[in-house]
Amino acid sequence: MRDNARVAMTHTRISQKASSFTESVIREMTRLAQKHNAVNLSQGFPDFPAPQAIKDAACQAILGDINQYAVTWGAKPLRDAIGADVLRRYGQHIEPDKQVTVCCGSTEAMISTLMAIVDPGDEVIVFEPFYENYGPDAILSGATPRFVRLRTPDWSYDPAELKAAFNHRTRAIIINTPNNPTGKVFSRAELTEIAALCQQWNAIAVTDEIYDHILYDGAAHISMAGLDGMADRTITINSVSKTFSVTGWRVGWAIAPPDITGAIRKVHDFLTVGAAAPLQAASAAALALPASYYRELAASYLARRNRLMGILTDAGFTCYEPRGAYYIMTDIAEFGFPDDVAFARHLVTDIGVAAVPGSSFFHNPTAGRTKLRFTFCKKDETLNAAATRLSRLQVNRPV
């Protein structure tokens, strides 16, 4: 009886929200990589240095005593730099004082946004496979997620399925382009179709555009906020993390219509107060880098993509070539393992390479049981080490 009472007490001490999702599989794979001294091709952080100019800017900001709280919703130089970047790239005029909220990374920008616009009973549409935070974000904000499948080989969606997902309870749709984990870049036609449905159902488009500079093979990044009728119903989320190889800085932002910005700022304030002040100053300097930086960034990632595509193909994986971001989704059915988790654990413990099980990107794990995601935001030495280890994979396959 005493043990039963203790179990009941334990259950009541954890919220239903927290019980309804698991810890991050991506971060778990990094821990396993460290434990087994594996090559980490799981978590999407570069293992090469950030640009020297922005590291110098961060050091100068600290030495210049920019070490106290910035304005809660972001230091003005950074908000102004974000506004200038949007104008330069897309010709869109935004008001940094009324529309930009600087957060602790795009991760916090997303949850602050959803908590600001969603009420219990509302629905949020999510394309899957999805970045694993989106499901828990919807749950934590009180929303019910509705999923629309992206299908191989080109990660296209069924327009009828998308249309059927919208209804009078739809509050928002999350669009991640370029997409993690698939590398899909949504086309202008696709975004226009989504925009029309948002306008029909009075829904908000929340766009995660953190990989907007990392594009290949002529792919173009289209700003949803720039489409007709979408400026006042789009919230654009971005960050310096991926573009400038500073994932640990945790500086991101949300650009929203003025009538929504106030709510995002209130939620952000009580979640984190504000992002690190000296790193905000350095982020403003990062956004001032010349256009050549972005060209070189895309070219360097193209070479890494092609290198890892070759490594994985030679090792026996079926690869879906990404047009953006820095991940490759693969199919592992040929290897004969019971599921993606078993294969991922074999890779990290026996082969010495860490990847992310595909099931973590689907609300129904069985949909990803033959998928694995690898990242190529790594040094040549890291990719070469992965190639050496994966070359042993053939002899380790189950019979």
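Predicted model: local features only at pLDDT ≥ 70, side-chain atom pairs only at ≥ 80, totals over all residues.
I started with the second largest pocket: helix 7 gives the largest share of its lining, three residues. A pocket here is an open set of points on a 1 Å grid over the protein atoms alone, with protein on both sides within 12 Å along at least five of seven lines, and lining residues have an atom within 4 Å of a point. Helices are DSSP runs of H or I, at least four residues, and strands are runs of E, at least two, numbered from the N terminus.

Residues are numbered from 1 along each chain as its sequence is written, and side-chain values use heavy atoms, with hydrogens and water left out.

Back to the pocket. I found 24 lining residues, with Arg-27, Thr-107, Tyr-131, Lys-242 and Arg-250 nearest the centre. They divide into eight nonpolar, 10 polar and six charged; Asp, Glu, Lys and Arg count as charged, Ala, Val, Leu, Ile, Met, Phe, Trp, Tyr, Cys and Pro as nonpolar, and the others, Gly among them, as polar.

Next I looked up Thr-375, in strand 13 (residues 371-375). Is Thr-375 buried or exposed? Thr-375 is buried, with a relative accessible area of 0%; buried means under 20%, exposed over 50%, partly exposed in between (1.4 Å probe, protein chains only). A polar atom of its side chain lies 2.9 Å from the backbone oxygen of Tyr-326. Ala-355 is 20 residues away in sequence, yet 7.8 Å away in space, C-alpha to C-alpha.

Note on methods:
Polar contact = N/O pair within 3.5 Å; in protein donor to acceptor, adjacent residues only side chain to side chain. 1 Å grid on protein atoms, 1.4 Å probe; cavity = no way out; pocket = protein on both sides within 12 Å on 5 of 7 lines; lining within 4 Å.
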